[in-house]
Amino acid sequence: MSKVYARRRVSILAALTGLIASVGLFNGPTASAALPTPVSAATARSYLATLTVATENRTGYSRDLFPTWITISGTCNTREYILKRDGSNVVTDSSCAATSGSWYSPYDGATWYAASDVDIDHLVPLAEAWDSGASKWTTSQRQAFANDITRPQLLAVTDNVNQAKGDQDPATWVPSRSSYVCTYVRAWVQVKYYYDLSVDSAEKSALQNYLASC
């Protein structure tokens, strides 16, 4: 290979790299594959100590009372925003639907290459929020909770893992990846504290036990 040809090849590769990077800028938030960082374990323990302990009541619950997914920016709704935030090399079409990329699910350690294999988990489930105080909220408050991209509440995960979790709290379900449990319970407590939601006695006991090991 001649030196001239080699220089031209390097120049072309550099240009292509720049083009790819610039496309990434137009595809929304940089992929982080992570929640907004939860509070520390010490802070979570102090938050948990202040939460009201109460018996849960699901009377009147309907998922429709928590409007999802709302428009976040441009043509992107909440699900599409989180898919871009949590994915790697995510490419979207003009309607913001993900056409390619990869998603690592921190709950089970699986990686997926189709957005259809990924759910957006409400870390504190909507039904759990209802049981814990959201039944008294307005619809706009429930909408804000269901689409909260600021707190560590929404996360792209394996769809069937999310479905298996359902509306369970940490007394009966935590991620199978033990290395992620501390992050999960810290986030859980932060969300409940921010929204002034109660905990039941089994839930509080489980959270205390997990946080003691963080």
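Helices (H or I, at least four residues) and strands (E, at least two) are DSSP runs, numbered from the N terminus. The legends below describe a predicted model, in which local features need pLDDT of at least 70 and side-chain atom pairs count only at pLDDT 80 or more, while totals for chains, interfaces and linings use all residues. Residues are numbered from 1 along each chain as its sequence is written, and side-chain values use heavy atoms, with hydrogens and water left out.

**View 1. Lining of the largest pocket, to which strand E6 gives the largest share, 4 residues.** On a 1 Å grid over the protein atoms alone, a pocket is an open set of points where a 1.4 Å probe fits, with protein on both sides within 12 Å along at least five of seven lines; a cavity is a set from which the probe cannot get out. Lining residues have an atom within 4 Å of a point. Grid points are joined across faces, edges and corners, and a volume is the space filled by probe spheres set on the points. The largest pocket has a volume of about 210 Å³. Its lining consists of 15 residues, and those nearest the centre are Arg63, Asp121, His122, Asn162 and Gly166. Two or more lining residues come from each of strand E6 (118–122), helix H4 (126–131) and helix H6 (159–165). By residue class, the lining holds 6 nonpolar, 4 polar and 5 charged residues; Ala, Val, Leu, Ile, Met, Phe, Trp, Tyr, Cys and Pro count as nonpolar, Asp, Glu, Lys and Arg as charged, and the others, Gly among them, as polar.

**View 2. The aromatic pair of Tyr107 and Tyr184.** Rings of Phe, Tyr and Trp (its six-membered ring) pair if their centres lie within 6.5 Å; planes under 30 degrees apart count as stacked, over 60 as edge-to-face and the rest as tilted. The count by this rule is 14 aromatic pairs. In the pair shown, the ring centres of Tyr107 and Tyr184 are 5.7 Å apart and the planes stand at 80°, so the pair is edge-to-face. Tyr107 belongs to the loop between strand E4 (98–105) and strand E5 (110–112), and Tyr184 to helix H7 (residues 178–194), so the contact ties together parts 77 residues apart in sequence. Tyr107 is buried at 0% relative accessibility, where buried means under 20% relative accessible area, exposed over 50% and partly exposed in between (1.4 Å probe, protein chains only). Tyr184 is also buried, with a relative accessible area of 0%.

**View 3. The edge-to-face pair of Trp137 and Phe145.** The ring centres of Trp137 and Phe145 lie 5.6 Å apart with the planes at 65°, so this pair is edge-to-face. Both residues, Trp137 and Phe145, are buried. Trp137 is placed in the loop between H4 and helix H5 (139–146), and its relative accessible area is 16%. Along the sequence Trp137 and Leu65 are 72 residues apart, while in space their C-alpha atoms are 10.0 Å apart. One aromatic cluster is formed by Tyr61, Phe66, Trp130, Trp137, Phe145, Tyr194 and Tyr195.

**View 4. Arginines over the rings of Phe66 and Tyr194.** A charge sits over a ring if NZ of Lys or CZ of Arg is within 6 Å of the ring centre and within 35 degrees of the ring normal. The charged end of Arg142 sits over the ring of Phe66 at 5.9 Å from its centre. Over the ring of Tyr194 sits the charged end of Arg151, 3.9 Å from the ring centre. Arg151 also meets Asp148 in a salt bridge (2.9 Å, N to O), defined as a side-chain nitrogen of Lys or Arg within 4 Å of a carboxyl oxygen of Asp or Glu. Asp148 is buried at a relative accessible area of 4%, and Arg151 counts as buried at 18% relative accessibility.

**View 5. The salt-bridge network of Arg58, Asp131 and Asp167.** The model has 7 salt bridges by the rule above. In the one between Arg58 and Asp131, the closest N and O atoms are 2.4 Å apart. Arg58 lies in the loop between helix H2 (41–50) and strand E1 (71–73) and Asp131 in helix H4, so the bridge ties together parts 73 residues apart in sequence. Arg58 is partly exposed at 34% relative accessibility, whereas Asp131 is buried with a relative accessible area of 7%.
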